[in-house]
Amino acid sequence: MAADEDLDALAAGIAEVLAAECSSERLHAFIDGRVDLDRTLWRQAAELGWLGIGLPGECGGLDLGDAGLAVLHRELGRRVAPGPFICTLAAVQALAALEDFPLRRALFERVIAGQASIAIPATVMDSGAPALRIEAGRLQGRLEPLLGAVDAAFALVPARAGADETWVLLEIDGIAARIAARAAWDPTRTLVALDCDGAVPAQVVAAGDAATLRRDLARQQAIAVVFDCIGAAGAVFDLTIEYMKTRVQFDRPIASFQALKHRVANLRVRLESSGQIATQALDAMVANGADADLWAALAKAEAGDHYSFIAGECVQLHGGVGFTWALDCHLYQKRAKLNQALVATSARCRDLGAHGLIEAMRAGRSTSELPL
Amino acid sequence: MSDILELRDDLPAFRAALRAWLTANAPPAAEFERIVRADPTDYEAFQRRWMSALAGIGMATPHWPVEYGGAGLSLRHQMVVVDEMARIGARSPASSIFMIALHHVPGTLFAWGTPEQKARYLPGISRGEDVWCQGFSEPGAGSDLASLRTRAERDGDHYVVNGQKVWSSHSRYARYCILLARTDPKVKKHAGISYFLLDMRLPGVEVRPLKQATGRSEFSEIFLTDVRIPVQERVGEEGQGWQVAQSTLAAERGVLFYENAEHLRYRLEAVMRDALASDAAWLRDDQLRREFMALFAEQQALRRLGHRMLLADEATSGKHDITPALVKITMTELEQRAADLFVRAGGIDKQYLEPDGTNPLFDYIDSFGGTIAAGSNEIMRNIIAERGLGMPR
């Protein structure tokens with residue numbers, strides 16, 4: 001477990017790299033199709049060890065755990081950075097918790113080196129019957145949407161095997177397993193569809209581990225999205241305040257108008273609440289206690305809803321320029337709307353939270369103790 | 001020193017001893033619930049009994065320094081006290097008629113009081129006897145407190161005070177009052193104010209309870225007619241009252257809000273437990289259940305923020321930023337939303353003035369006291385925007 005000062009230093013280091021590499025100018029060049037910023041960032045992330053940030057040393061990672069991952073996702077969120085970070089890092093983290101399997105070592109090596117990204121279902125907490133089925137060891141069917149890159153090397157997905165759900169790690173060969181992107185409103189991430197036509201999984205998760213894998217992957221995806229929300233909401237908030245201090249109307253900066261100050265103060269209250277609930281979820285996950293899923297689900301709902309609200313307000317507080325393609329506001333707003341939909345809807349997350357709370361109460365346990 | 005306080009160096013043992021004492025001696029949670037709606041005589045008697053029970057084990061002013069009759073407990077210990085009371089549904093005396101005496105008066109006198117003032121006024125509080133009130137707000141001076149017009153004119157070794165104060169909580173029970181009055185109307189408004197300790201039994205002091213929207217009379221108007229306050233009851237220099245008042249107002253935050261947050265935690269847990277036991281309809285209503293879970297998440301976020309504020313306070317001795325304003329807004333609005341949710345979830349059965357079980361409509365109406373009092377949430381928003389975010393005035 002890394003100390004707070006180490007994590008602060010890590011955050012500062014990541015922020016510095018991203019300030020140079022993922023500037024507003026480069027982001028706009030990327031969304032306009034002039035540079036492949038997603039790939040450039042991915043390579044740099046590999047060089048800096050970010051792609052193994054949470055993995056234990058025996059897997060070749062930096063061993064900074066969930067707290068280190070949270071810092072990375074927060075900083076990536078601040079810059080609305082493109083790239084398949086959330087899905088890939090959630091996948092390796094969940095896979096690292098499994099028993100050894102043949103591909104394990106090679107998989108982690110390739111991910112850490114930036115040679116392979118992994119696509120996962122976009123809404124891991126939304127359980128329905130898997131769209132893929134596995135028959136005689138081969139996968140059939142179409143699953144969408146996945147969160148992942150169009151050139152993903154692997155997909156980690158659920159599949160139906162008879163009456164049971166299992167999870168498979170699948171190599172995307174472009175023939176029996178194909179990935180196709182469909183443009184999404186958020187230009188900084190890609191949603192893809194997976195088509196399987198007799199693909200043989202690289203690894204089928206043991207029957208007893210499937211539920212654990214789904215749970216771990218859901219938690220990882222949730223926490224990643226939560227911290228992406230925290231970073232992005234904080235950044236769009238900051239740039240809005242700066243704008244309001246310079247924009248003059250009626251001979252005074254619009255930041256001096258009380259009606260606007262009060263709206264901004266309300267956003268600050270929401271930011272604070274988001275940050276605290278995110279830490280609650282992170283602490284619960286690090287402790288790996290009985291309530292980790294409850295807090296991950298509730299934090300996802302809160303952080304997603306708050307970020308979405310904040311991003312919308314920030315467009316409005318900018319006035320006309322906030323509605324233009326040239327400014328960054330819409331990038332933050334679109335990312336917010338995707339984040340809100342990822343993992344599971346806020347309604348579903350709160351239902352999962354209610355389920356967890358009821359379970360805890362029936363067991364005579366409080367979910368809310370804070371150490372003093 | 002009491003048995004409990006002797007265990008102060010061992011926090012878990014301190015907690016356990018306190019829990020045992022509270023279990024044996026604190027009035028039941030239902031009494032604390034009922035008494036806030038009881039008539040003033042019963043209410044006062046209850047609060048005084050509870051306060052003297054705590055004073056009996058040295059826990060009337062445990063947060064005060066030892067030299068002033070306290071136990072010098074750290075903030076961490078105070079948080080344990082708050083938590084243990086909240087756990088069983090008990091309220092601390094600071095949340096009732098003793099609030100000003102326990103927090104605002106010491107917050108002011110420790111920093112500004114003369115040795116004589118401290119010796120005269122603090123022991124009565126640590127014995128659990130004296131109730132104090134605050135004479136700050138006026139009909140024309142609410143959020144704009146510095147525009148207050150109550151006059152204090154020097155006449156030899158006295159000040160002669162005339163004016164009217166309002167929204168003074170618990171002043172009908174109070175022995176003393178911390179009072180702001182204008183001693184110099186010619187200088188700028190902040191510079192002409194002085195701070196006094198007023199004996200409520202002096203001639204010319206008249207307290208008229210105000211009936212609130214809840215039907216209760218928690219606060220009163222205070223009319224001051226030619227009240228003669230001795231010069232030695234002035235705190236700080238003449239004209240320094242605004243500065244002195246900042247110490248008073250700073251004492252309002254912190255532990256008090258933390259207590260409210262802890263109560264909200266146990267209330268939400270109790271509501272859920274009751275809903276499960278009674279198979280409440282709202283739990284099967286998607287919208288109401290999800291609203292509850294959002295509140296549940298936000299109260300935990302608030303508690304974490306409160307922890308951070310108090311524990312950081314302990315480390316940096318009171319230098320914090322806009323956190324108290326964030327806590328105040330979040331706390332009071334969560335209480336309001338929770339009460340509103342419970343009213344709606346309760347349906348027509350909770351529309352009775354005295355419904356069976358809980359009384360969420362009382363809490364809801366009363367919750368506007370929280371969002372308005374102690375610096376309205378709008379003033380808090382100004383503080384966040386101007387001091388926290390540097391937005392120009």
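**Reading a core, a helix, a strand and an interface**

Student: Leaving aside its neighbours within four places in sequence, which residues is F292(B) in contact with?

Tutor: Contact means heavy atoms within 4.5 Å. By that rule F292(B) touches L357(A) of the other chain, and L268(B), V271(B), M272(B), W282(B), L341(B) and F342(B) of its own. The model is predicted: local features need pLDDT of at least 70 and side-chain atom pairs count only at pLDDT 80 or more, while totals for chains, interfaces and linings use all residues. Residues are numbered from 1 along each chain as its sequence is written, chains are lettered from A and ligands numbered from 1 in the order in which they are written, and side-chain values use heavy atoms, without hydrogens or water.

Student: Which residues touch the most other members of the largest nonpolar core?

Tutor: A nonpolar core is a set of buried Ala, Val, Leu, Ile, Met, Phe, Trp, Tyr and Cys residues joined through side-chain atoms within 4.5 Å. Buried means under 20% relative accessible area (1.4 Å probe, protein chains only). The largest core here has 153 residues, and L156(A) and F292(B) touch the most other members. Helix 7 of chain A gives the most to this core, 19 residues. Another core lies apart from it, with 73 residues, including A60(B), W64(B), L148(B) and I193(B).

Student: Why is helix 7 of chain A described as largely enclosed?

Tutor: Helices (H or I, at least four residues) and strands (E, at least two) are DSSP runs, numbered from the N terminus. Of the 37 residues of helix 7 of chain A, 29 are buried, so the rest of the structure largely encloses it.

Student: Which way do the residues of strand 4 of chain B point?

Tutor: In a regular strand the side chains alternate between the two faces of the sheet. Here Y176(B), I178(B), L180(B) and R182(B) point one way and C177(B), L179(B) and A181(B) the other, and all are buried.

Student: How many bridges join strand 4 of chain B to strand 1 of chain B?

Tutor: Two strands pair if DSSP finds at least two bridges between them. Strand 1 (residues 132–135) runs parallel to strand 4 in chain B, with four bridges; G135(B) is partnered with L179(B). Strand 5 (residues 193–199) of chain B pairs with strand 4 in the antiparallel sense over seven bridges, where S194(B) stands opposite A181(B).

Student: How many salt bridges does the rule find across the interface of chain A and chain B?

Tutor: A salt bridge is a side-chain nitrogen of Lys or Arg within 4 Å of a carboxyl oxygen of Asp or Glu. The rule finds seven across this interface. In one salt bridge R265(B) meets E369(A) at 3.0 Å, N to O. In all, 42 residues of chain A are in contact with 43 residues of chain B.

Conventions:
Buried < 20%, exposed > 50% of the residue type's maximum accessible area, 1.4 Å probe, protein only.
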